[in-house]
Amino acid sequence: MAMMEQKPSAGALPFGKEIALSSIAGPTYVTAQSLVQQVAYLLSDKIWSYSPETCDLDISAREWARSRESNIHGYSPKVQSMDIRSGAGTAALGYIFSKDFDVKRRHIPQAVLASSSALNFLRQALDQLSLLYGVGNPLVAHVAAASYDGSRKGALAADYISSMWLAEDLGFNLISSQSAHESQHMSLLATLLAQDTPVLHTYDGVKMSRDTTRVIDILDQSGLKTAYDNILKTAQNDDYKHSTAEGKVLKTFKALNEELGTDYNAFEYYGHSAAETVLVTFGSVESSLAAQVAEKLAQAGSRIGVLNVRVYRPFIETAFFKALPSTVKVIGVLGQVSSTQEVGEAGIRSRLYEDILAAISFNSNLAQTPEVRDIKFARSESWSPQSIAGVYHMLAGKPLDTMPEAELAPILLDKDVQQYTFWNTDDSPSASAAQYLAQALAKDSAQNVTVSTAYDNLVQGGVHRIDIRKSAKSLDATYVITEANAAIVTDVALLEKIDTLSGVEIGGKLILLLPGVKDEDVEKKLPAFARRQIAKRNIGLYLINPDATELDKENAELASLIIQVAFLRVALAKAEETGLQKLAAFGSDIHTLEKVATDLEKTLRQIEVPKEWADAEIDASKPAPLANITSNSFESWDKAELEAPTLLRTWQKAAKGLLFKEAYGAQDVLRPDLPNKTFTVHVKENRRLTPLSYDRNIFHIEFDLGTSGLKYDIGEALGIHAENDHSQVMEFIKWYGLDPDEVVEVQSRDDTGILENRTVYQSLMQNIDIFGRPPKKFYEALAEFASDEQEKKNLLTLAGPEGYKEFQRRAEVDTVTYADILLEFGSAHPSFHEIARIVAPMKRREYSIASCQAVTPTSVALMIVVVNWVDPRGRDRFGQATRYLAHLRVGAPITVSVKPSVMKLPSKSTQPIIMAGLGTGLAPFRAFVQHRALEKSQGKEIGSVLLYMGSRHQREEYCYGEEWEAYQAAGVITLLGRAFSRDQPQKIYIQDRMRQTMDDIVKAYRKEEGCFYLCGPTWPVPDVTNVLEEAIERDWKANGLKVKKGETAKEIMKLKDEGRYVLEVY
């Protein structure tokens, strides 16, 4: 069973997984924080990040920068992670006066990614930057409203008040995003407005920005550039330049709306057209909820409404009064204050209230002056539809005890919305089930899924709650589920600690993990409070007993798999078969899942609920369960203890473990340090594909599978567990004074309960990445061992922000290794067991498989280019894995593993395949073509095969050229589009060859419903995608359809969901 561990995450990543910059494009699953980072990365010259630990405000931007992704200006912006401390922001300030400051890029904005908790530390620098605004870059700060409330046991708080204070005091513009669906547009707006005045863009950083949701109209890099350039042109005319600050904001809104087809305003009204009671809000969750509740209550006849403030500074009074209904009699201002104590102090007013009161008081044109009330709330307030409805009714003067249920608790979601809540302890082995199920549900392109995770590290040693909603319509529901169709609880103790069942709808279902309990003992195990809830709410009770399984109990993921499949059967009974297929795309395989489904006859049972449970007597001496958990962290509490020190052991003691395995609990395991299932194969062929005189060594290497049992599918990748160079290792051992045969016993990195015995030589060859590139934390760790004070100082400087440039030079120019640093700083001489602790482990390198096992059942082939360069000191440097592979001789053994891939052939052999491969990106397509050739030889009808390839020169890099031509002559390859970019005066790229054969692409891709694949570097993705969009447009026009702007991009995203637009780029 190949299933990767996936821990639950409330992080800023969609489904807790890394997201490629190129994949952020119209309908797709993202978090609001991902969209904020996308805009900041693509539009900025530099990004200064002040992200608290675990907040991950810059997690994607850092990865894009590491991958050297380009922004819309044609280069990779630097993302600099900074400490949040006194004096924060001085680096950004100092940049203006440094020699690195590029005057030619002064018009390109700089972006700040920060939490509201960092603003106090940034204040002084931001003040100075605003005074120097004419000589520096435009500045936009994207501020996640996130802080901690010490009065509520460290609860996370959506802190807008810090941004409001800062904008008021420093004269910054301040705008807000009210939902994930508009966060990209508001990030764009903030960046545009920054051309004239520094801008703060704030949004909920606790929940809204971190929920995974499907956003439909996302602009990709090209679309964002077009919108930015077009709207920015507005600022070039004299009318704009001579406008007031308020006028510039309104003109930019107008240009944004015209470009995007939206209807954003500085103030936005929702509710009854003749409302007498109006609520005014600023923020994300509260504004979104207030708008939805107002619309619902207004539909029922209530004369209420809400005015959401999108632009707080400048406060544009003309826009405020234009949006405010003339019929209003009472205005309630939902204003945030710093603490619960300030809520109760009559002398303290909210900032927003003072603005609204001043605007109303000094407007002499009002027919009637409405009453203005300050409804203060603390930063840690958690809003729900019910609490917002209560505010409306309180303003309207309606007694709550006389209100109908529909108005007290308005239902904002359609009845067909499915809702599920998962309750887990952090260390539960089945905690990953919810994330896998959410991804499986999201595979349905006709549905929209949202996932929200909250962590409470103070209950039961750490608990997290995952809410999943699924709907045919887009969802904007940033509040907890209170009417779940089903709840899944993986620890019965949680039923006593938390009222998990009041959030389940009447007649809903509870799936409870309860190992080893017989039917007659269930009542004893369930708390009385839970039994009463189950009976009174008519909740169906389903128990999972993983102990009853007949499957492999040693499988650490089994409990999670059982829960996943049980959920499908109980909650989605009619869709179980489809659900299994979708789950199979995320780690496990369909055969294992089907076995688990069959095994449910033993592990899953429904319990008949006795009527007597409704009267279960509750022990009054016990504390009542919590109504809900308190979100006080962005991730589970890391309870892992420090790694035990590595111990050098004699060979005699290691030998005892091998001779007396049962006594010592020892096992013989192939590469026990590796988490993946590994195989030993042997080199069958290793031949160079490019001439010896050519500067690029591209080679074909083939492995004999022998009796290894390795199986692979078309399109999968082979993981190479390479070894360091023997001569380099021996040189290091000699210089460092180590004994290569000394045995080291160390805890496994994947299971601390397992100890591994390896020699020092083996560890340096296979485990420790001693010739890899060290991160900053290595310099910091090494400083602890330096006996020379100057060396210690230099190491700490390199580890800190002041040593950033030197660190970058060492990493990117000198390409220094861990061994180089140990040699340079001779007084820092950690012992070998400390080296094993502070030097990163070696990682496997993955390469697309260039063969089809159905054609070559006893071998697997790769196509690889050697990575090599010369450093400034004239030393030849090599990529560790490619050099290792290039020097392997026929018969040499090697450890490998298999990694699944998105590159899969279409389900029907008659579907055309269109493949575009650059350089070694041709590898998987060799397997594709081999498979189609096999089908043709078996007499099967096959669809057309279009192969486009790109490289520099035909003479040197026409890899597998004779094979391709033979397949073309045999009628397997229909079209062979070869683009050799440097064989003629004008550059010809792969997209040019595609355009030249547009008719063939239209026929294969559109008329015959073919599938498109691109493999290779990322740079051609936009150009190749544009060709496909042109093909779609030509097809639509040929069928008499009108093509609207952006429609072809949406069609590409639809094809992506259907598996007909597949990218594997790096």
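**Sheets and helices in a predicted model**

Six bridges join strand β36 (residues 945–951) to β37, and the two strands run parallel. The structure is a predicted model.

**The parallel sheet**
- Strands β37-β36-β35-β38-β39, in that order, make up an open sheet of five strands with parallel pairing.
- At its edges are β37 (975–980) and β39 (1061–1065), each of which pairs on one side only.
- From one strand to the next, the twist averages 10°.
- Helix α35 (residues 961–969) lies across β36 and β37 and runs at about 155° to β37.

- The buried residues of α38 are Val 1021, Val 1024, Thr 1025, Val 1027, Leu 1028, Glu 1029, Ala 1031, Ile 1032, Asp 1035 and Trp 1036.
- An α-helix has 3.6 residues a turn, so residues three or four places apart point the same way.
- The cover over the buried residues of α38 includes the helices α36 (990–996), α37 (998–1007) and α39 (1047–1057), together with strands β38 and β39.
- Gly 1040 follows α38 and has a positive phi, near 80°.

**The mixed sheet**
- A further open sheet has five strands in the order β11-β13-β12-β15-β16, with mixed pairing.
- Its edge strands, β11 (267–271) and β16 (371–378), each pair on one side only.
- On average, neighbouring strands are turned by 20° against each other, direction ignored.
- Strand β12 (residues 277–281) pairs with strand β15 (residues 330–337) in the parallel sense over four bridges, and Leu 279 stands opposite Gly 332 in β15.
- Helix α14 (residues 385–396) lies across β12, β13 (304–309), β15 and β16, at about 135° to β12.

**The helix pair α21 and α22**
- Helix α21 (residues 576–583) packs with helix α22 (residues 590–603) at an angle of about 140°, their axes being 9 Å apart.
- The two helices, α21 and α22, are therefore oblique to each other, and their crossing is right-handed.
- Glu 576, Leu 580, Gln 581 and Leu 583 of α21 make the contact with Ile 590, Leu 593 and Ala 597 of α22.

Notes
Residues numbered from 1 in each chain as written. Predicted model: local features only at pLDDT ≥ 70, side-chain atom pairs only at ≥ 80, totals over all residues. Heavy atoms only, no water. Pairing = 2+ DSSP bridges. Axes fitted to C-alpha atoms, helices over the stretch in contact; angles between N-to-C directions. Contact = heavy atoms within 4.5 Å. Buried < 20%, exposed > 50% of the residue type's maximum accessible area, 1.4 Å probe, protein only. Parallel < 35°, antiparallel > 145°, perpendicular 65-115°, else oblique. Left-handed = near helix turned anticlockwise from the far one by under 90°.
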